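Thanks for making the time this morning.

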Amino acid sequence: MTYLRAVLLVAGKDLRVELRSREQLVTLLFFALLVLVVFNFAFDFTVIDFVTLGPGVLWVAFIFSGVLAIGRSFQIEREQDRIQGILLSPIDRSAFYLGKVAATVLFMAVVEILIVPVAVVMFNFRFSGRILLAILALLLNTVGFAAVGTLFAAMTTSTRRSELLLPLLLFPAAVPVALAAVKTTSHVLAGRPFAAYGHWLQMSAAYDVIFLAAAVLLFDYVLED
Amino acid sequence: MVVSSRAVMAKRAVESTANGTAVLAERILFILVAVLVPYCLHVVFRIVPTEGKMGVVQRIFYFHVPSAFAGFLGVGLCALFSALYLWTRDRRLDLLAHASAEIGVLFFTIVLLTGPIWARPVWGVWWTGEVRLTSTLVLWLLYMGYLILRRSAESPDQAARFCAVLGIVGALDVPIIYYSVEWWRGLHPRVLKISGGQGLDPAMGKALALCSVTFLLFFLLLLLLRVRLGRLQDDVEALTLDAGRRAPRAETA
């Protein structure tokens with residue numbers, strides 16, 4: 001139980017910082033919104049069906065703002081060497097990692113929850129699919145993205161090219177997440193049967209399990225200094 | 001300066017037995033590769049029959065596919081040496097992991113260059129969203145990231161640890177990337193399957209096997225050379241640091 005408590009404490013710390021400063025969420029939201037606006041100019045959605053391009057547009061917005069969220073999450077720890085405090089505290093380092101992932105997932109989820117309705121209005125889409133499955137797909141892929149991203153951010157923020165390096169490493173590694181997310185979302189939106197995209201949900205779940213486990217095992221080596 | 005070079009020499013002397021074997025292996029590999037590469041060219045261009053439909057350009061297949069094998073070998077060895085490095089913290093394993101990734105990227109670059117040269121006359125396009133092209137490109141990007149991460153690290157120790165973690169995570173990711181891209185393209189018709197099997201002339205199979213063995217030996221040769229280069233770089237760095245430390249003292253004296 002103490003392990004879970006440590007995870008929750010780390011996640012709670014990030015949330016408290018955010019609730020007091022309200023910096024990050026506003027920035028992330030505006031950034032995601034901007035991406036939607038850019039796509040609104042790039043494609044004519046009165047001609048193109050939202051189901052064809054919408055999921056891709058949404059996930060580009062989520063992934064771009066997600067990368068910012070993940071990078072920021074470790075940047076604040078490196079500022080004034082706050083991370084030393086974490087390293088000195090008697091908690092497992094993997095608990096620190098999981099807490100960071102939890103906080104990032106929560107931030108990304110808030111952005112997703114607020115951006116989806118905006119996109120629906122902006123692109124005149126009438127939602128008719130199974131909403132629970134859509135939420136499950138969002139959640140599974142957000143967890144996978146945050147899992148790999150948080151591990152990479154812990155490394156990149158202590159290198160010389162921190163801001164540039166994170167997307168460079170994360171985007172190729174997160175290609176399965178992006179593909180699964182886009183495919184599942186578009187199948188759900190199109191109202192196709194579960195059999196058509198069940199394997200994508202399985203893959204997202206497998207990706208989450210594999211990389212959360214790998215990161216928990218490897219995180220000690222990342223935070224050695 | 002004398003003392004420091006002596007320190008390096010002492011280090012060298014301790015490792016000299018291991019080094020002797022490596023240098024011997026390097027020489028043997030060099031001779032093998034020097035003989036096999038011209039022989040491969042001879043077989044590929046003069047012995048193997050020309051493929052019926054695709055014509056002469058099909059011969060690029062004997063370099064394209066073995067390069068892919070060597071590239072995957074690089075990815076696999078990188079993960080293996082990375083895990084061993086995190087376990088033992090032996091600098092040589094880190095150099096091996098780095099060399100594997102770097103040479104893997106080199107061979108995947110050859111794959112990505114020879115692919116379009118073949119695709120243009122056969123498929124009529126330089127590039128398509130075909131499964132293997134896309135996933136190989138993603139893989140190449142991932143390991144380019146590995147090399148950039150290595151150059152961006154603050155210290156050799158940090159570079160070694162971070163790259164070891166990325167080497168392991170990357171290798172776990174490779175099969176998932178391949179599956180996901182294949183499913184993603186699943187609805188589209190496959191333009192052509194490159195994999196052999198049906199209708200592959202026995203002479204073609206033999207040539208492919210010969211070229212694959214040659215490329216793998218070539219891979220190993222490059223690996224040994226790259227590791228030796230890495231160790232020399234370490235030595236230079238140690239000597240430079242030492243000289244830097246000594247210089248101010250010499251001025252005050």
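This is a predicted model: local features need pLDDT of at least 70, side-chain atom pairs count only at pLDDT 80 or more; totals for chains, interfaces and linings use all residues.

Let me start with confidence, where the model as a whole scores ipTM 0.89 and pTM 0.87. Chain B averages a pLDDT of 84, and 84% of its residues score at least 70. Among the elements of chain B, the highest mean pLDDT, 94, belongs to helix H2, residues 61–88, while helix H1, residues 2–47, has the lowest, at 79. Please keep an eye on residues 187–193 of chain B, where pLDDT stays under 50 and for which the model has eight contacts beyond four places in sequence.

Now the cysteines, for which the disulfide count over all chains comes to zero. Cys40(B) has the sulfur of Cys211(B) as its nearest cysteine sulfur, 3.9 Å away, and is in no disulfide, since the cut-off is 2.5 Å. Cys40(B) is also buried, at a relative accessible area of 3%. Cys78(B) is likewise in no disulfide, with the sulfur of Cys163(B) the nearest at 7.9 Å, and Cys78(B) is buried with a relative accessible area of 0%.

Turning to the interface, 28 residues of chain B are in contact with 30 residues of chain A, and the two chains bury about 2,800 Å² between them, 74% of it on carbon and sulfur atoms. Across that interface there are zero salt bridges, but seven residue pairs are in polar contact. On the side of chain B that touches chain A, helices H4 and H5 of chain B are the elements giving two or more residues, and H5(B) gives the most, with 15 residues.

Note on methods
Residues are numbered from 1 along each chain as its sequence is written. Chains are lettered from A and ligands numbered from 1 in the order in which they are written. Side-chain values use heavy atoms; hydrogens and water are left out. pLDDT is the predictor's confidence in each residue, from 0 to 100. Helices (H or I, at least four residues) and strands (E, at least two) are DSSP runs, numbered from the N terminus. Contact means heavy atoms within 4.5 Å. Buried means under 20% relative accessible area, exposed over 50%, partly exposed in between (1.4 Å probe, protein chains only). Buried area is the accessible area (1.4 Å probe) that two parts lose on being put together, summed over both. A salt bridge is a side-chain nitrogen of Lys or Arg within 4 Å of a carboxyl oxygen of Asp or Glu. A polar contact is a pair of N or O atoms within 3.5 Å; within protein, one must be able to donate a hydrogen and the other to accept it, and residues adjacent in sequence count only if both atoms are side-chain atoms.
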